[in-house]
Amino acid sequence: AQNGGLPPGSDHLEEDTSFRWQCVEQPIGKLLFQRFLEGTPGLAAAGALWAELEAYERCEEEERSGAAAAIRDRFFTPGGAQHCSFLSPAATAPPTGEPPPTGTNMAARVPTWLT
């Protein structure tokens, strides 16, 4: 009984094959996927963005404004050090209820998930 004594074909032991489970929640899967991103031309910025977002989540409340501005400048601003052009405008849009930034100052943009 390899599957805990359940009959073959039983769906009681379904495996979670979602991206979230395999590449975010499982430490080894997360590490392998991040290394894949870092080592693949064109995806290194995505890996760096992921690392910076995790650092943002761990930083103190009083540090968040500066961290968010640095993330915006580096990843969301065209011409930024590691601009992530693959992100949709909705992903980098200002939080709902706030007026859009004025002028061309992309640093004024705070993605919804960076508030």
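Hi everyone, let's start with the surface: the accessible surface of the protein chain is about 7,900 Å², and 56% of that belongs to carbon and sulfur atoms. Accessible areas here come from the Shrake-Rupley method with a 1.4 Å probe, and for residues only the protein chains shown count as cover.

A word on the model before we go on. It is a predicted model, where local features need pLDDT of at least 70 and side-chain atom pairs count only at pLDDT 80 or more, while totals for chains, interfaces and linings use all residues. Residues are numbered from 1 along each chain as its sequence is written, and side-chain values use heavy atoms, with hydrogens and water left out.

Now the overall fold. The protein chain has four helices and zero strands, so read from the N terminus its elements go α-α-α-α, where helices (H or I, at least four residues) and strands (E, at least two) are DSSP runs, numbered from the N terminus. Which of its residues are buried? They are Ala 68, Ile 71, Arg 72, Phe 75 and Phe 76. Looking down the axis of H4, these buried residues fall within an arc of 100 degrees, so they line one face of the helix. That arc is taken from the directions from the helix axis to the C-beta atoms. Helix H3 (44-58) is included in what covers them.

Helix H3 is also where we find Glu 54. Is Glu 54 buried or exposed? At 18% relative accessibility, Glu 54 counts as buried. Leaving aside neighbours within four places in sequence, Glu 54 is in contact with Lys 30 and Gln 34, contact being heavy atoms within 4.5 Å.

On to the cysteines. Cys 23 is buried, with a relative accessible area of 13%, and Cys 84 is buried too, at 3%.

Last stop, back on the outside. Leu 32, in helix H2 (residues 27-39), is exposed, with a relative accessible area of 53%. Together with Ile 28 and Leu 31, Leu 32 makes a nonpolar surface patch of about 290 Å².

Definitions and conventions. Buried < 20%, exposed > 50% of the residue type's maximum accessible area, 1.4 Å probe, protein only. Patch = residues over 30% accessible without salt bridge, like charges linked within 9 Å, V, L, I, M, F, W, Y side chains within 5 Å. Salt bridge = Lys/Arg side-chain N within 4 Å of Asp/Glu carboxyl O.
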